[in-house]
Amino acid sequence: MLDLCAVNLHPVRALGPEAWNELNDWLLREGDRFTSVHILVDSTTHELVLPRFMAEIEGLADAHILEIEPGEASKELALVEQLALGLRDEGADRGALLIALGGGVVCDLAGLLATLYMRGIELVLVPTSLLAMVDAAWGGKNGVDSEGTKNLLGTWRPEAPVFADVRALETLPEREWLQGWAELVKQAWIAGGGLWTEVSGGPWTHAPFWVRDAAEVKLQVVVADPFERGTRRALLNMGHTVGHAVESMVVALGLDYGHGDCVALGLSIESRILDALGQPGSAERSALRGRIAADFQLDALRNMDSAAVWAAMQHDKKKRAGELRIVWSPEPGASEIVLGIDEATFTTAWIADAAH
Ligand SMILES: NC(=O)c1ccc[n+]([C@@H]2O[C@H](COP(=O)([O-])OP(=O)(O)OC[C@H]3O[C@@H](n4cnc5c(N)ncnc54)[C@H](O)[C@@H]3O)[C@@H](O)[C@H]2O)c1
Ligand SMILES: [Zn+2]
């Protein structure tokens with residue numbers, strides 16, 4: 001077991017059906033030092049999750065509620081300022097505690113708000129979506145988008161306690177389960193071994209069994225490369241070079257697909273790039289594509305123009321000296337490799353994927 005405390009990464013954390021009990025205990029121990037408590041929700045988690053949360057966690061009767069609209073459009077700096085003014089109007093001083101109760105959007109906004117408000121107040125993350133429980137809540141990063149550039153402004157809060165209670169997932173709609181499932185499948189691939197064997201057998205409805213292990217994969221990758229100095233943390237971006245490009249087109253075209261759908265397609269296409277480059281492990285990559293084909297409906301995405309997707313990929317952060325690169329474990333659980341890709345290889349992979 002890695003020593004997560006060595007980088008002070010979420011030294012207080014709990015994941016499972018007892019996680020909110022642990023938050024309760026933590027608040028009973030630590031609560032006295034907070035001058036006020038503020039809970040950030042979106043309108044959906046306000047309605048579906050907050051009542052149960054308030055009923056189960058003692059000492060929140062006087063907590064102030066800050067609400068945002070659900071969705072990525074809320075990740076903007078102007079809203080952070082508006083929320084800061086809300087905190088001010090509620091009387092929050094430097095001793096305030098901010099609790100994020102929601103998916104990745106709420107966690108990202110709360111992280112930045114808690115860093116900036118009066119130069120920093122304490123933050124607790126309570127993720128409520130599958131994606132946030134296996135990915136967004138862990139690792140300490142937060143951010144908001146600007147003019148379509150994701151996470152252009154953000155900070156690190158690796159010390160924030162995280163309490164992920166899988167019971168919160170009971171109200172999550174199928175569409176959102178699938179967004180998290182794409183990241184869970186990716187993280188199972190990174191782990192390899194028994195986790196991959198189980199997850200590759202699916203289906204997505206069994207996701208709750210693997211939330212803890214998938215979150216642990218993210219933590220271990222982050223601990224191995226906490227400040228993204230090497231290539232290890234880039235492994236978490238498997239599927240995202242193609243996926244982000246597809247997602248930018250989805251947003252521009254107003255299509256009803258989420259980040260996880262785009263990452264699922266990205267994993268499928270990028271895996272074929274590894275095939276085209278003759279990497280070992282093609283049978284396992286075929287199993288990965290089989291899992292994705294069984295769980296996701298991606299036909300409208302596959303109809304996109306590959307040249308336009310390639311053009312959108314040129315904004316990828318991993319581009320070096322004009323060359324586009326992807327970082328992958330060629331086989332489940334294998335060490336990462338960095339591969340340069342050109343348009344011809346990408347186009348071959350895109351066409352091969354669309355034909356299946
Ligand atoms: N900081 C990081 O390291 C990191 C990593 C990965 C993703 N992210 C960010 O996370 C965001 C995506 O996260 P997300 O998919 O959770 O998005 P989200 O927060 O928009 O949640 C998705 C939808 O699910 C709803 N929801 C959440 N919990 C629910 C529940 N228990 N019951 C019913 N509905 C519920 C939300 O209201 C929302 O409509 C993106 O902005 C992405 O950039 C951040
Ligand atoms: Zn992602």
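**Figure 1. Buried residues of helix α4 in the predicted model.** Val80, Leu83 and Leu87 of α4 are buried. Viewed along the helix axis, the buried residues of α4 lie within an arc of 65°, so they line one face. An α-helix has 3.6 residues a turn, so residues three or four places apart point the same way. The cover over the buried residues of α4 includes the strands β2 (36-42), β3 (64-68), β4 (96-102) and β6 (144-146), together with helix α5.

**Figure 2. The shell around ligand 1.** Ligand 1 is surrounded by 31 residues, of which Thr44, Gly103, Gly104, Val105 and Ser129 are the closest. At least two shell residues come from each of α2 (43-48), α5 (104-116), α6 (130-136) and α7 (174-191). By type, the shell has 11 nonpolar, 12 polar and eight charged residues.

**Figure 3. The contact between domain 1 and domain 2.** Domain 1 covers 4-171 and domain 2 covers 174-354. Their C-alpha centres are 27 Å apart. Domain 1 gives 15 residues to the contact and domain 2 gives 20 residues. On the side of domain 1 that touches domain 2, α6 supplies the largest share, five residues. The residues of this side comprise 11 nonpolar, three polar and one charged.

Note on methods:
Residues numbered from 1 in each chain as written. Chains lettered and ligands numbered in written order. Predicted model: local features only at pLDDT ≥ 70, side-chain atom pairs only at ≥ 80, totals over all residues. Near = placed C-beta within 6 Å. Helix = DSSP H or I, 4+ residues; strand = E, 2+ residues; numbered from the N terminus. Nonpolar A, V, L, I, M, F, W, Y, C, P; charged D, E, K, R; others polar. Buried ≥ 20, exposed ≤ 12 C-beta atoms within 10 Å, placed from the backbone. Arc of directions from axis to C-beta. Contact = placed C-beta atoms within 7 Å. Domains from an automatic or database assignment.
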